[in-house]
Amino acid sequence: MKNILFSCGMCALSVGAVAYAAPGDVHVLSSDKNSLVITAKQGDGQAQYQYFGPRVSEGDVTGLFDARSNYSTNTLPLFGMDSRGEKALAVEMPDGNMSIDLKIENTQRTSDDKGELLIVTYKDKYYPVTVKQFFRRYADTDVFSTWTEIANNGKKGDVRLLTFASANVPVTRGDNYLTQFHGIWAEEGSMNESPLPNGQSVISATSGLRTAFDSNPGFMISTGGKATESKGEVFGGNLLWSGNHRTKITADNHRVTVLSGINEDMSSFNLKPGQTFTTPEFIMTFSNEGKGGVSRAFHKWGRKYGMAHGDVARDILLNSWEGVYFKVNQETMDQMMGDIAALGGELFVMDDGWFGDKYPRDNDHTSLGDWMVCEKKLPQGVKGLTDATKRHGIKFGIWIEPEMVNTKSELFEKHPEWTLQNRNREITQGRGGTQAVLDLCNPKVQDYVFSITDNLLSENPEIAYIKWDCNADIMNYGSLYLPKNEQSELYIRYQQGLHSVLDRIREKYPDVVIQLCSSGGGRASYGLLPWFDEFWTSDNTDAYQRIFLQWGASHFYPAIAQASHVSASPNHQTKREIPLKFRFDVAMTGRLGMEIQPKDMTDEEKEFSKRAIAAYKQIRPVVQFGDQYRLISPYDNGSVAALMYVDEKKDHAAVFAYRMDYLKEQGVPKLRLDGVDENKNYRIKDLTPLNPKKPSKLDGKVVSGRILKNAGLDLGDSRTLGRPWSSIALELTAE
Ligand code: DGJ
């Protein structure tokens with residue numbers, strides 16, 4: 001006879017004793033669409049996952065055990081007493097004992113400002129080590145999470161953490177497919193889907209900083225065959241960690257288990273007496289509405305819990321990088337500000353090249369660390385720039401790369417010991433042949449990194465936006481600050497140092513918009529997004545490739561978080577020539593911006609840009625806060641892609657479609673709009689016609705949701721997707 005502890009909304013309620021063989025008290029955490037069922041018994045060694053999937057009722061839970069269809073997977077497999085298989089926790093006790101033997105002390109049902117919690121507290125049977133394991137249901141979302149806290153309560157001796165995963169979660173074994181997002185510079189988030197093999201599949205990062213280049217920590221596993229965007233059962237997971245991560249997916253004919261956490265390679269951690277180590281949260285969701293369902297759940301969660309200011313509309317900006325690169329000066333900045341203001345933009349961001357006194361930043365070989373304005377380029381300082389933006393009626397933003405130093409800089413001359421390096425070895429240098437990473441394990445360096453942002457923002461309160469860049473990995477594995485027995489903590493201590501700097505910045509400057517850039521999307525993950533408003537999706541601004549890059553990123557990260565800029569043609573990275581309309585129609589699916597020298601644009605191009613920016617303002621709330629539906633994948637045929645956004649009430653939508661090439665048959669498939677309400681009628685507006693007097697033939701038509709969803713739109717004519725490099729952006733308004 002066991003208790004079922006059910007939850008409804010924020011309350012946990014016991015519904016009494018029922019007869020079935022559940023191994024312990026049954027805890028059910030339910031969101032609108034999903035339920036997580038966990039059993040835990042006081043005195044036992046382990047809590048167990050029994051179910052995670054579509055929402056179940058109390059009767060279902062009884063049936064789960066009667067039908068023996070529960071998973072029974074240990075939530076925290078331990079090393080030492082049974083050393084076989086993958087483990088979530090392995091430690092070395094102060095006396096060298098390599099085993100950990102826990103038993104459940106108690107379980108607690110509670111809630112915090114993010115939702116409902118189940119906390120299982122374990123104690124080692126002999127050593128003074130306690131572990132708390134948390135399971136959270138995030139309020140108003142279908143996302144759940146889990147993580148642990150490991151405490152050394154002893155008085156003497158370190159407990160060395162060797163393996164310390166955040167999650168060990170089962171996924172139903174079936175005809176499973178794994179979708180993962182690998183990438184490198186300019187190819188971030190490349191989507192790969194393959195049948196899940198028996199054995200082990202590993203998603204991991206080792207670069208220390210640009211960990212989303214190696215592999216994004218987000219992944220999906222379908223459980224009943226290959227899922228489509230709208231159909232199929234899909235488990236989605238992601239780790240909220242900004243450093244090296246690792247997810248091992250182990251499968252055999254009966255089971256699939258996901259073990260996810262910090263990548264412990266070279267990273268054992270010494271837990272001192274009285275210290276507690278908290279593992280990062282692993283978030284997960286499940287949808288039987290295909291991959292689109294999983295993405296929409298993560299987007300909603302991301303806007304509410306996973307990023308800064310997820311409910312505040314973003315400004316349309318011009319960034320100076322591809323327009324002028326390092327050739328920054330007052331006059332050019334002023335001209336660019338005036339131009340973007342005239343086009344309807346709202347913010348100007350001055351990128352790299354503005355700083356350095358002894359070593360002016362004219363290229364990437366010098367000056368990182370010397371965050372004083374280069375007076376030769378900007379005689380009126382930052383004030384001259386903020387005054388100019390004020391004059392133009394827009395806001396001002398500025399680029400920094402605060403975690404870095406060039407060996408050719410005044411900072412390095414003064415503090416060579418602040419750089420990550422190995423004793424008795426030369427520093428391996430990165431970008432420009434001279435770039436090195438500052439040692440954020442060192443509290444003095446943390447203070448210095450904080451002071452860069454603090455000085456800029458306190459001296460220039462008009463700065464509304466910061467672009468925080470990071471163009472290096474940790475190559476020199478050594479800290480002159482950490483003592484010799486703590487060197488193995490460097491990867492983790494660096495991240496903890498960075499987080500504490502970011503906490504201080506956010507505490508003092510809660511409202512400033514901060515972009516997370518890392519040579520493009522090298523840090524595009526929820527590990528750092530809680531402190532940031534958006535990420536620079538990629539240095540690759542080729543609109544064709546952006547369709548793929550943004551498609552990949554959109555599996556986890558909402559459009560409001562994705563900076564997406566219109567750049568010049570031919571594109572600087574690929575030399576591809578793409579019409580301006582197409583470039584806008586692609587950039588409008590994220591946080592729209594421009595990255596171009598407007599002075600080089602023709603009057604017609606400027607006129608079009610002005611109209612496109614005005615059109616984006618019309619649909620900004622739908623794109624930035626709405627639900628995304630991916631409609632036709634560029635990965636499927638490479639020639640046509642389409643997606644849409646719709647507001648919660650399904651009254652207002654924006655639809656985007658692209659033609660990149662001729663298909664074998666030349667025709668374009670009908671575009672069925674999954675996101676509309678079948679019972680509403682929608683008026684269609686062509687948002688970005690090349691010639692406003694000749695919009696698409698669909699413009700002005702009123703079509704029912706039932707037709708839009710089931711029959712679809714014909715986009716094959718010459719004013720829509722008739723030719724390669726044609727595109728369309730439509731606004732749908734319910735009547
Ligand atoms: C890399 C970034 O991704 C670019 O956007 C630009 O800011 C450069 N760094 C500047 O050095």
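Predicted model: local features only at pLDDT ≥ 70, side-chain atom pairs only at ≥ 80, totals over all residues.
Visitor: Why does Thr-179 count as buried?

Guide: Welcome! Buried means a relative accessible area under 20%. Thr-179 has 1% relative accessibility, so Thr-179 counts as buried.

Visitor: Where is Thr-179 found, and what does Thr-179 touch?

Guide: Thr-179 is in strand β14, which covers residues 177-182. Leaving out residues up to four places away in sequence, Thr-179 touches Met-191, Asn-192, Glu-193, Phe-219, Met-220 and Lys-291.

Visitor: What makes Ser-145 buried?

Guide: The cut-off is again under 20%. Ser-145 has a relative accessible area of 0%, and is therefore buried. You will find Ser-145 in strand β11, residues 144-152.

Visitor: How far apart are Ser-145 and Ile-283 in sequence and in space?

Guide: In sequence they are 138 residues apart, while in space their C-alpha atoms are 4.2 Å apart. Ile-283 is also one of the contacts of Ser-145 beyond four places in sequence.

Visitor: Why is Arg-68 called exposed?

Guide: Exposed means over 50%. Arg-68 has 71% relative accessibility, so Arg-68 counts as exposed. Arg-68 lies in the loop between α1 (58-66) and β6 (73-74). The phi of Arg-68 is near 55°, a positive value in a residue other than glycine.

Visitor: And why does His-309 count as partly exposed?

Guide: Buried is under 20%, exposed is over 50%, and partly exposed is in between. At 22% relative accessibility, His-309 therefore counts as partly exposed. His-309 has a positive phi of about 55°, although His-309 is not a glycine. Look for His-309 in the loop between α3 and β24 (317-319).

Visitor: How do you know that the span of helix α3 agrees with its number of residues?

Guide: Helix α3 covers residues 290-306, which is 17 residues. The expected span is 1.5 Å times one less than the number of residues. For α3 that should be 24 Å, and the end C-alpha atoms are 22 Å apart, so the span agrees.

Visitor: What makes α3 mostly covered?

Guide: Here you count the buried residues: in α3, 15 of 17 are buried.

Visitor: Why are α5 and α6 called roughly parallel?

Guide: Helix α5 (residues 330-343) and helix α6 (residues 381-392) pack at an angle of about 25°, with their axes 9 Å apart. Angles under 35 degrees count as roughly parallel, and α5 and α6 are therefore roughly parallel to each other. Their crossing is right-handed.

Visitor: Which residues of α5 and α6 meet?

Guide: From α5 come Gln-330, Met-333, Asp-334, Met-337, Gly-338 and Ala-341. They meet Gly-381, Gly-384, Leu-385, Ala-388, Thr-389, Arg-391 and His-392 in α6. The residues of this contact of α5 with α6 divide into 5 nonpolar, 6 polar and 2 charged.

Visitor: What makes α11 roughly parallel to α12?

Guide: The axes of helix α11 (residues 580-587) and helix α12 (residues 603-625) come within 11 Å and cross at roughly 25°. With the limit at under 35 degrees, that makes α11 roughly parallel to α12. The crossing of α11 past α12 is right-handed.

Visitor: Which residues of α11 and α12 meet?

Guide: Leu-580, Lys-581, Arg-583 and Phe-584 of α11 meet Glu-605, Phe-608, Ser-609, Ala-612 and Ile-613 of α12. The contact of α11 with α12 is made up of 5 nonpolar, 1 polar and 3 charged residues.

Visitor: How many residues of α11 are buried, and what do they pack against?

Guide: In α11, 8 of 8 residues are buried, and the helix is mostly covered. Among them are Phe-582, Asp-585, Val-586 and Ala-587. The buried residues of α11 pack against α10 (543-553), β32 (562-567), β33 (591-595), α12, β36 (652-659) and β39 (726-734).

Visitor: What is the peptide bond from Ser-569 to Pro-570, cis or trans?

Guide: That bond is cis, with omega near 0°. Pro-570 lies in the loop between β32 and α11.

Methods
Residues numbered from 1 in each chain as written. Heavy atoms only, no water. Axes fitted to C-alpha atoms, helices over the stretch in contact; angles between N-to-C directions. Helix = DSSP H or I, 4+ residues; strand = E, 2+ residues; numbered from the N terminus. Parallel < 35°, antiparallel > 145°, perpendicular 65-115°, else oblique. Left-handed = near helix turned anticlockwise from the far one by under 90°. Contact = heavy atoms within 4.5 Å. Nonpolar A, V, L, I, M, F, W, Y, C, P; charged D, E, K, R; others polar. Buried < 20%, exposed > 50% of the residue type's maximum accessible area, 1.4 Å probe, protein only.
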